[in-house]
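Thanks for coming. I will go through one structure this morning, starting where the chains meet and then taking each chain in turn.

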Amino acid sequence: MTAASAPVLTRPALVERRPGLSTARLLLLELRHNAMLWMLPVALAVFWFLSYRKTMDLPPLWNLRATDLHTRAVADLIVPVTGAAALMGSREARRRMTDLMTSTARPRWARLLVTWAATTIWALVGYGACLAVIYAVTAHQASWGGPLWWPVVVTAASVVAFSAVGFAAGTLLPGRLTAPLVAVGSWFVLVLSTQLITGSQSYWQISPVVAGPWDDTLDPGVATFYPYVHDLSIAQVMFLAGLTVAMLGAVAWPRSSRRVRAASAVVAAAGVLAAGTAVRLAGTGTLDAHGMIAIPALHDAASDLPIRFTPVCSRGSIPVCLNPAYSRSLPAVAAVLSPVLREIAGLPGAPVRVIQVAATYKQGTGNVISTGLAGGALQGEPPEFRLLLPDQQTGGPFLTNHELAGQVRDSIGPAIVASLVSDGPDASEAQHAVAAALSMDAGMPAGTDYPGQPVPRGTRVQGHQETGQGPSCSGAGCGSGAAGNLDKSSPSYAAARRFAALPLAAQRSWLAQHLTALRAGQITLAQLP
Amino acid sequence: MNVQVSGLTRRFGRAIAVAGVDLEIGVGVFGLLGPNGAGKTSLLRMMATAVPPTSGTLRLLGRDPGEAGQRREIRCRLGYLPQNPGYYLGFTVTEFVEYFALLKEVPAARVPGAVAAAVERVGLRDRARARLRTLSGGMLRRAAIAQAIVNEPELLLLDEPTAGLDPEQRVAFRALLRELGQRATVVVSTHLVEDVGAACARLALMDRGWIVFHGTPHELSARGAGHDSGDAPLERGYSAVLSAVRS
């Protein structure tokens with residue numbers, strides 16, 4: 001038979017009847033020979049050096065570790081993931097295999113999707129390893145609570161989106177410089193996007209590196225007393241999913257049939273629409289009273305309800321009770337407050353316990369956020385002293401137990417005394433003197449900036465635009481009317497020294513009789529013993 | 001006919017690579033001869049459905065490659081060895097061939113057997129587990145041939161398949177071509193006339209995008225009678241036809 005006279009062959013092709021098996025096998029091959037696999041050690045080393053140790057330096061509170069890991073992991077992984085994905089996306093063209101690949105039966109988009117999936121799987125494995133270590137250690141160390149999963153979902157969605165962006169760039173613009181340019185460019189876009197965030201109502205909060213109010217330092221109180229508000233996370237995941245879909249739609253466009261092109265255009269348009277909607281939603285976010293970003297359209301009212309917990313309490317005449325997440329701090333806090341609590345225990349109007357409560361947050365102009373205590377420090381019947389630990393107020397959780405105890409002694413001890421005698425800016429000199437005397441006896445400074453009433457020295461303010469404090473206060477009437485602010489030559493100071501020199505029994509006896517009148521401002525300096 | 005080409009033209013910008021080619025090819029080994037730049041590779045790329053024609057009609061295995069569903073059917077039955085195939089150098093020989101078997105949608109259950117057979121046929125069984133980056137140029141070429149035949153193609157397109165093969169391998173390859181040509185249409189593009197003479201039942205000679213000769217190797221040799229350029233009859237025929245066309 002000659003070549004010119006042969007008939008058309010009719011044998012059935014060896015066509016796959018179970019394409020899932022072939023795809024799985026193809027995926028295994030791609031997993032085995034994937035640039036992201038080789039990039040994993042780099043990604044893990046970057047994470048170890050830049051993030052792991054810093055995250056683990058934080059107190060073992062789930063919210064702190066989870067949100068810190070979220071922000072850091074996104075920033076750490078963007079370069080290796082986009083770079084590796086761009087390498088894989090440009091592989092066919094760089095290896096000059098386009099013709100050979102094009103002549104195979106599997107559709108181009110399906111083939112590329114497998115390559116992208118393998119790249120993404122390795123990237124997620126890398127992130128999963130970081131997450132597993134941080135969460136495992138935190139689970140071992142944390143005294144209360146459980147892992148937060150929304151930050152994990154956002155980071156995982158970010159990894160998938162970074163992979164899609166890099167892969168699309170590599171596929172559409174193949175070249176030797178594509179991978180480094182895309183990797184570095186993505187990192188700059190990520191970092192610069194956060195510079196444009198002003199206030200909580202910013203479209204740029206959609207940036208996946210944002211885990212809460214931007215420019216607010218991590219606060220251990222957030223998501224401890226109230227559930228983690230996942231509104232922003234939902235918007236971010238929606239944005240990242242849209243971005244991923246749009247990128248994959250763009251990848252499927254070139255060198256495809258008309259039908260595939262039409263489908264890819266629809267998919268890409270849907271992705272862009274989803275991403276755009278998510279950005280708009282993020283722009284409606286506002287800082288809620290519990291320190292998280294709430295988006296009205298996505299908000300679940302259930303997250304406004306406080307988390308029920310059984311506080312851990314110290315023993316003593318006036319127990320100190322903390323959220324169980326802070327149980328590691330209880331011995332130090334209770335020890336440092338015990339002198340003042342012993343001093344006032346049993347007096348009329350004295351608190352029956354000191355209980356830790358949640359801070360309240362308020363958005364100021366720009367990125368200024370103020371934190372404080374809603375209502376007075378002394379509330380209820382019988383009265384309880386509502387405690388905000390210093391790291392809840394300042395947003396700085398990075399205190400050792402020793403540092404925390406020192407701040408509690410300097411800030412909260414005098415505030416307890418002040419609340420007992422109703423000392424404050426408008427208090428009488430006798431109130432100033434007694435408060436100062438009790439503080440001296442307890443070995444505490446008399447001044448305090450504790451935010452609860454009746455000592456409204458001012459609220460702590462965070463943010464880069466206004467780093468100072470709120471309403472300023474100075475002079476003898478400031479804060480607790482502290483001895484620290486009393487002129488040593490003043491009659492108030494002399495009265496305070498005189499009162500402090502009394503035996504404890506004499507002090508308590510006088511206070512038991514006159515405390516109500518003292519609080520009402522009816523005692524003069526001359527009437528003090 | 002497994003390949004039916006009519007008025008096929010391919011332009012790249014202003015350059016015309018293939019200029020209105022008419023050709024019909026059935027089962028057997030078909031040689032595509034011609035000097036550099038004659039349009040052989042462009043014609044083969046169109047037959048491989050890697051690039052669409054600018055104009056003209058092309059039917060492969062009785063199907064229209066311009067229609068997506070039929071193009072996919074063609075590709076399932078197609079084997080293609082480009083002139084400069086790329087390689088994923090981190091793959092082993094087996095993985096490389098398996099990769100293409102899967103892309104050609106060979107049933108997963110049949111892949112291991114098909115891969116082993118293809119690797120065996122190109123004489124790389126001993127190096128089946130070697131990574132491609134460790135192979136010589138000739139071995140790489142044989143790995144590329146293995147991927148082309150792994151799906152038992154009904155239409156096999158080979159562009160300069162013997163480039164880089166040593167004489168012994170080249171002889172073995174010609175035997176393989178003859179064997180494959182028993183059941184399939186094999187189109188071999190080459191500028192080595194001895195390959196055509198040894199393996200092809202029919203051939204076409206291209207020059208500047210046109211087919212200037214279409215016949216058997218014997219008929220081409222006969223054209224060289226009295227022509228003194230070339231060492232072998234086929235070479236003399238090749239030179240004679242090109243000289244006649246160009247004059």
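**Where the chains meet**

The contact between the chains draws 48 residues from chain B and 35 residues from chain A. In contact here means that the C-beta atoms of two residues, placed from the backbone, lie within 7 Å. On the side of chain B that touches chain A, β2 (15-25), β3 (28-33), α2 (68-76), β5 (78-81) and α3 (93-103) of chain B each supply at least two residues. The most comes from α3(B), with six residues. By class, that side of chain B has 25 nonpolar, nine polar and 14 charged residues. The classes are as follows: Ala, Val, Leu, Ile, Met, Phe, Trp, Tyr, Cys and Pro are nonpolar, Asp, Glu, Lys and Arg are charged, and the others, Gly among them, are polar.

Some housekeeping before I go on. This is a predicted model, in which local features need pLDDT of at least 70 and side-chain atom pairs count only at pLDDT 80 or more, while totals for chains, interfaces and linings use all residues. Residues are numbered from 1 along each chain as its sequence is written, and chains are lettered from A and ligands numbered from 1 in the order in which they are written. Helices (H or I, at least four residues) and strands (E, at least two) are DSSP runs, numbered from the N terminus.

**Chain B**

Stay with α3(B) for a moment. How many of its residues are buried? Eleven of the eleven are, so α3(B) is largely enclosed by the rest of the structure. Buried means that 20 or more other C-beta atoms lie within 10 Å of the residue's own, exposed means 12 or fewer, and partly exposed is in between, with C-beta atoms placed from the backbone. Among the buried residues are V93(B), F96(B), F100(B) and L103(B), and also the charged-class E95(B) and E98(B). After the helix comes E105(B), with a positive phi near 60 degrees.

Next, the sheet. Chain B has an open sheet of six strands in the order β5-β6-β7-β3-β8-β9, with mixed pairing. Two strands pair if DSSP finds at least two bridges between them. The edges are β5 and β9 (210-215) of chain B, each with a single partner strand, so one side of each has no neighbour in the sheet. From one strand to the next, the twist averages 15 degrees. Inside the sheet, β3(B) and strand β8 (residues 202-207) of chain B run parallel and are joined by four bridges. One detail there is that L32(B) has A204(B) in β8(B) as its bridge partner.

Two helices go with this sheet. Helix α1 (residues 40-47) of chain B lies across β3, β6 (155-159), β7 (185-190) and β8 of chain B, at about 150 degrees to β7(B). Helix α6 (residues 167-180) of chain B packs on the sheet, touching β3, β6 and β7 of chain B, and its direction makes about 145 degrees with that of β7(B). For these angles, axes are lines fitted to C-alpha atoms, for helices over the stretch in contact, and the angles run from 0 to 180 degrees between N-to-C directions.

Chain B divides into domain 1 (3-77 + 154-246) and domain 2 (83-152), with bounds from an automatic or database domain assignment. Their C-alpha centres lie 24 Å apart. Between them, 15 residues of domain 1 of chain B contact eleven residues of domain 2 of chain B. On the domain 1 side, β6 and α6 of chain B are the elements that give two or more residues, and α6(B) has the largest share, four residues.

**Chain A**

Chain A comes to 16 helices and ten strands. Of its 529 residues, 52% count as buried. Its domains are domain 1 (21-304) and domain 2 (312-465 + 475-527), and 46 Å separate their centres, taken over C-alpha atoms.

An open sheet in chain A has five strands in the order β3-β4-β5-β9-β8, with mixed pairing. Its edge strands, β3 (312-313) and β8 (378-379) of chain A, each pair on one side only. Strand β4 (residues 320-322) of chain A runs parallel to strand β5 (residues 353-356) of chain A, joined by two bridges, and V320(A) stands opposite V354(A) in β5(A). Helix α11 (residues 330-344) of chain A lies across β3, β4 and β5 of chain A, at about 155 degrees to β4(A).

Last, a hairpin. Strands β6 (residues 360-363) and β7 of chain A pair in the antiparallel sense over four bridges, with T360(A) opposite G372(A) in β7(A). Five residues lie between the two strands, and G366(A) in the turn has a positive phi of about 60 degrees. Which residues cover the two faces of β7(A) (residues 369-372) as buried positions? I369(A) and T371(A) are buried on one side, and S370(A) and G372(A) on the other.
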